Amino acid sequence: MVILRPRVFVTRQFFPEALEVLTDAADTEVWPDDEPPTPEQLLGKVVEADGILTNIMDRIDADVFQAAHRLKVVSQLGVGVDNIDVAEATRRGVLVGNTPGVLAKATADIAFGLLMSAARRISEGDRWLRAGNWKMQYHPMVWLGAEVHGATLGIIGMGQIGVEMAKRARGFDMRVIYYSRTRKLELESQLGMEYFEPSDLLSTADFVTLHIPLTLETRHFIGERELRLMKPTAILVNTARGAVVDSQALYTALKEGWISGAALDVTDPEPILPDDPLLTLDNLVITPHIGSASIDSRRRTCLLAARNVVAGIEGRRLEACANPEVYAAKGI
Ligand code: NAP
């Protein structure tokens, strides 16, 4: 009797040690190109798949679930699963894995780096200097920026990355205030933080940093109203998802000085279009979604995503799952 091995499709090349975890357990096909498969190509690849390993650029919608009739698990390389129709997966009994925790510190490092860069105008100074503008000698009244130490940091979303931001802020003697769906009394005393309602946080903080997932509820969480509540000296940092912020409102806020600056690792859409007006602004620091892209963090993330695939195709619980309600239906 021929025993068929499970099949896995991986939508992008990744760490060889993570690939090994997959090939030990399944016939594994890896998309060879740097550009992601088109929706049509993806549909073609998932037809016989028991598991898919995806990332933020892959739209895993009802059509994919319809085509992938053997599918048991979609394993996302990342913590946010806003590119996956999780409700449809749940309806069909397909597990959705993700990779929280292993990338939280690396992402907080970038968020704090962006905050520093926007406050002290590091990227702006670099661009200006390389453009050949450094002609005047040192002048005490130019290139002044905002002080980070001692300032008030407002964290929106007190999950794994939010906590890491609070820890970094403590090292800079910052006052930390936060808003999250659920109040965290124990963390408040551990990390010396205060809970604020969103409006109060926005009008109090010198820096506002976003660490909530993108959901129907959090789309444009920061829009015109919220930007107008912020201090004119304040800086907004977004390493969550681009669409958590209304980009048009942000452009106006930066252009008209409702706030002093912004730092983004994520945009809406991604990649940001080359003629996006945001890119014309000097008071914006921007990076191409590299929050979790440290070598060690990415390796850990790939390994966890691979283990989630194997657990899913073998009918075991995943190490991290975005729809654990499927376990009951599967009796695992
Ligand atoms: P997490 O541990 O799940 O934390 C998310 C936090 O947001 C939780 O504390 C959560 O709820 C809170 N929250 C959810 N919905 C909310 C709402 N409507 N209003 C207020 N708070 C809400 O996730 P994480 O690991 O910190 O990651 C956060 C996000 O960062 C991810 O979803 C992802 O989109 C993004 N991310 C980006 C990068 C990058 O490369 N730039 C890397 C990793 C992650 P409770 O308050 O109930 O706990």
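The questions and answers below go through a predicted model of one protein chain. Residues are numbered from 1 along each chain as its sequence is written, and side-chain values use heavy atoms, with hydrogens and water left out. Because the model is predicted, local features need pLDDT of at least 70 and side-chain atom pairs count only at pLDDT 80 or more, while totals for chains, interfaces and linings use all residues.

Q: How many helices and strands are there in the protein chain?
A: Helices (H or I, at least four residues) and strands (E, at least two) are taken as DSSP runs and numbered from the N terminus. Counted in this way, the protein chain has 13 helices and 12 strands.

Q: Of the 332 residues of the protein chain, what percentage count as buried?
A: A residue is called buried under 20% relative accessible area, exposed over 50%, and partly exposed in between (1.4 Å probe, protein chains only). By that division, the buried part of the 332 residues is 47%.

Q: Among contacts between residues at least 6 apart in sequence, what percentage join residues at least 24 apart?
A: A contact here means heavy atoms within 4.5 Å. When the contacts in the protein chain between residues at least 6 apart in sequence are considered, the part that joins residues at least 24 apart is 60%.

Q: Which elements do the buried residues of α11 pack against?
A: Helix α11 spans residues 247-256, and its buried residues are Ser247, Ala249, Leu250, Ala253 and Leu254. Seen down the axis, these fall within an arc of 155°, so they line one face of the helix, the arc being that of the directions from the helix axis to the C-beta atoms. On the other side of α11, Gln248, Lys255 and Glu256 are exposed. The buried residues pack against α10 (224-229), β10 (235-238), β11 (261-264) and β12 (284-286).

Q: What covers the buried residues of α1?
A: In helix α1, which runs over residues 16-25, the buried residues are Ala18, Leu22 and Ala25. They cover an arc of only 70° around the axis, which puts them on the same side of α1. The face turned away from that buried side carries the exposed residues Pro16, Glu20 and Asp24. What covers the buried residues includes β1, β2 (27-30), β3 (51-54) and α12.

Q: Which residues does a cis peptide bond join, with omega about -5°?
A: Most residues other than glycine have a negative phi, and most peptide bonds are trans. The cis bond with omega about -5° joins Glu270 and Pro271.

Q: What is the relative accessibility of Arg121?
A: Arg121, which is not a glycine, has a positive phi near 60°. Its place is in the loop between α5 (104-120) and α6 (122-130). Arg121 counts as partly exposed because its relative accessibility is 25%.

Q: Where does His289 lie?
A: His289 has a positive phi, near 50°, in a residue other than glycine. At 27% relative accessibility, His289 counts as partly exposed. His289 lies in the loop between β12 and α12 (295-313).

Q: Is Thr99 buried or exposed?
A: Thr99 lies in the loop between β5 (95-97) and α5. Leaving aside its neighbours within four places in sequence, Thr99 is in contact with Gln76, Leu77, Gly78, Val79, Thr301, Leu304 and Ala305. With a relative accessible area of 0%, Thr99 is buried.

Q: Which residues does Ala68 touch, not counting residues up to four places away in sequence?
A: Ala68 has its place in the loop between α3 (62-67) and β4 (73-76). Ala68 is buried, with a relative accessible area of 4%. Beyond the residues up to four places away in sequence, Ala68 touches Val46 and Val47.
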